[in-house]
Amino acid sequence: MLVWTVLLASVLAVGAFLAGQTRASALRVAGGPALHSLPTYHGLFLASGVITGAVVAGLAAILLFGTQSIAVPAAAAIGAAGAGAALYPRIASAFRARNLFERFVLAVLVLCSAVAVLTTIGIVFSVVFETIVFFRQVSPLEFLFSAQWSPTSTPASFGILPLLVGTLLITFIAILVAGPLGLLSAIYMAEYASGRMRSVLKPLLEMLAGIPTVVLGFFAALTVAPLIRGSGESIGLTVASESALAAGLVMGMMIVPLISSLSDDIINAVPQSLRDGSYAMGATKSETIKRVVLPAALPGIVSAFMLAISRAIGETMIVVMAAGLAANLSINPLAAVTTITVQIATLLVGDQEFDSPKTLSAFALGFVLFIFTLALNYIALRIVQKYREQYD
Amino acid sequence: MDMMPQAVVTPPSPRIMAERQVRIEARDVNIFYGEKHAIKNLSIAIPDRAVSSFIGPSGCGKSTFLRAINRMNDTIPTCRMTGDITLDGNSIYDRDLDVVQLRAKIGMVFQKPNPFPKSIYENVAYGPRIHGISNSKTELDEIVEKSLKRAGLWEEVKDRLNHPGTGLSGGQQQRLCIASAIAVSPEVILMDEPCSALDPIATARIEELIDELKQNYCIVIVTHSMQQAARVSQLTAFFHLGILVEFGDTDEMFTAPQEKRTQDYITGRFG
């Protein structure tokens with residue numbers, strides 16, 4: 001029924017457009033008063049009125065009778081016809097159709113952005129409420145400061161510290177890998193590579209970003225982790241078969257394209273006049289990059305790093321496969337650790353009762369994660385704002 | 001290319017050249033941007049301790065030739081050059097020449113003021129730092145102060161050397177760029193329409209500055225303003241469609257040009 005409703009409303013809207021345009025054109029007579037708006041705007045005005053009528057009436061019918069009912073297209077048609085009939089007589093030479101249509105456009109744009117914002121607010125609130133329920137059963141102090149995470153054992157223990165440390169450890173390793181690799185390859189692409197080289201390299205690097213993280217995950221678990229274990233043991237180190245190092249390395253590779261691609265765009269946006277000024281002073285290419293280009297691009301590069309960190313913190317699949325589920329409080333990169341996202345995933349897999357502390361703890365973890373990435377985004381935003389107007 | 005009309009080059013009169021030696025000399029220079037032939041068979045001799053101005057309609061190649069003098073065209077991949085340019089008799093396109101040292105000797109000021117997003121002090125200290133000119137902080141302080149004084153900016157900025165250079169007005173920014181350029185003690189200063197983004201008062205200050213600087217430097221200035229060429233320069237070169245049409249004493253050029261094209265341009269018949 002919905003398809004028919006949309007089709008019907010579109011036909012009515014096109015009809016309204018033509019009717020409005022024709023009526024306005026007819027008002028244009030030699031010697032008569034000038035039209036305030038072009039006939040097209042009268043048509044657009046009538047069409048937007050008809051669409052609004054159809055959408056409002058159609059949505060009301062969906063709420064009352066469900067999507068399958070024949071009442072939906074009927075209501076939409078009645079709404080459209082009613083709006084059209086009410087607005088059609090208003091078309092006159094002095095009528096400000098252009099201004100009203102502009103307002104309609106504005107309203108549509110505001111509505112679209114409101115959907116995204118409201119969804120975010122809704123998610124935040126649902127997480128916050130479930131977190132409050134969780135904290136009624138488990139003390140926040142235990143949650144924040146206990147070093148023991150075992151939600152399934154009896155008695156269960158909910159200490160976030162091992163997860164937090166694991167998350168930070170893996171993210172740190174990932175940034176240690178991706179930061180230099182990404183930034184240096186961005187500098188190569190933006191400043192040194194010839195146009196042809198760049199047009200080959202950039203899509204290749206972005207292809208790396210297109211590999212699903214599940215694939216990277218089993219690459220980490222089946223190839224990288226045994227490799228690290230083998231080489232570690234050959235020099236006498238004890239390495240867990242699932243290690244933070246393996247997960248961090250592969251996660252680093254995952255975010256290399258993110259950093260390099262963003263940094264490349266940012267470096268390219270530094271005005272050529274700054275480079276020319278530096279070259280004309282007798283600076284070499286690397287001096288120019290180090291002392292002029294990178295400082296000018298710094299705010300953008302920092303926000304690229306922040307984005308990459310947020311991405312690493314939120315990554316789940318690679319860690320599930322490569323770093324394991326053992327909640328060890330350890331900063332040894334060779335040990336098995338687990339992260340917040342992995343625990344959320346394992347807590348909610350399978351059939352769950354929604355009022356046990358075990359399930360609810362996922363919301364608390366999600367809340368912490370959310371605060372974390374929010375803080376990172378905020379820091380990135382502030383850095384960008386602080387330095388944005390430096391070159392102009 | 002052989003069919004190219006030859007430029008009429010009036011040798012600079014003895015009056016100007018007598019007490020000055022030739023600093024920059026170009027012989028049979030041709031410059032191409034891809035397929036576009038931007039400079040055609042250009043030969044010119046530019047004297048020391050004087051201001052030479054390049055005038056001509058947009059796209060006539062005067063900026064292109066200016067940028068060839070300190071090899072800034074090297075940064076444009078499609079740009080190609082034949083012929084030779086010498087500085088004090090030594091080819092600047094010599095294979096063994098270090099372009100970094102060449103640019104330290106030939107400073108450049110651009111059309112749009114382009115201070116770095118650093119403090120005023122750091123802007124001026126940039127060149128001396130990369131060339132290792134100063135050994136100590138006091139020495140660097142002296143160079144910065146001296147350069148800003150010569151650029152006529154010291155009095156305005158001495159209390160805020162740590163403020164960003166980009167916060168200055170357009171005219172101040174351009175004088176800051178001139179200060180940065182002279183901080184590395186160049187011998188030649190190239191200016192690519194240095195006043196086109198400035199108001200008349202700031203322009204007058206820059207012109208005064210150019211007049212003072214010519215005591216010590218060989219200055220080449222590209223300008224769209226014929227009045228400016230007449231005011232600041234001792235020699236004027238007129239470019240048209242990539243050809244150097246006429247080169248000679250400024251006062252003669254503006255009163256009795258040898259070429260009809262020059263006369264048409266300076267009387268505003270085209271351009």
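This is a predicted model: local features need pLDDT of at least 70, side-chain atom pairs count only at pLDDT 80 or more; totals for chains, interfaces and linings use all residues.
**Ground rules.** Residues count from 1 along each chain as its sequence is written, and chains are lettered from A in the order in which they are written. Local features need pLDDT of at least 70 and side-chain atom pairs 80 or more, while totals for chains, interfaces and linings use all residues.

**Chain B against chain A.** I looked up the contacts (C-beta atoms, placed from the backbone, within 7 Å). I found 22 residues of chain B touching 17 of chain A. On the chain B side, H3 (99-105), S6 (106-109) and H4 (120-130) each give two or more residues. H3(B) supplies the largest share, 4 residues. I took helices as DSSP runs of H or I with at least four residues, and strands as E runs with at least two.

**Helix pair in chain A.** Next I checked H6 (161-192) and H11 (285-314) of chain A. Their axes come within 10 Å and cross at roughly 140 degrees. I used axes fitted to C-alpha atoms over the stretch in contact, with angles from 0 to 180 degrees between N-to-C directions. Ala174(A) and Ala178(A) are among the H6(A) residues in this contact, and Phe305(A) and Ala308(A) are among those of H11(A).

**Sheet in chain B.** I then traced an open sheet of 6 strands, ordered S6-S7-S8-S3-S9-S10, with mixed pairing. Pairing needs at least two DSSP bridges. S6 and S10 (243-249) are the edge strands. The twist averages 15 degrees from one strand to the next. S6(B) and S7(B) (188-192) run parallel over 4 bridges. Val109(B) stands opposite Met191(B) in S7(B). Last, I noted H2(B) (62-69), which runs at about 150 degrees to S8(B).

How values were computed. Two residues are in contact if their C-beta atoms, placed from the backbone, lie within 7 Å.
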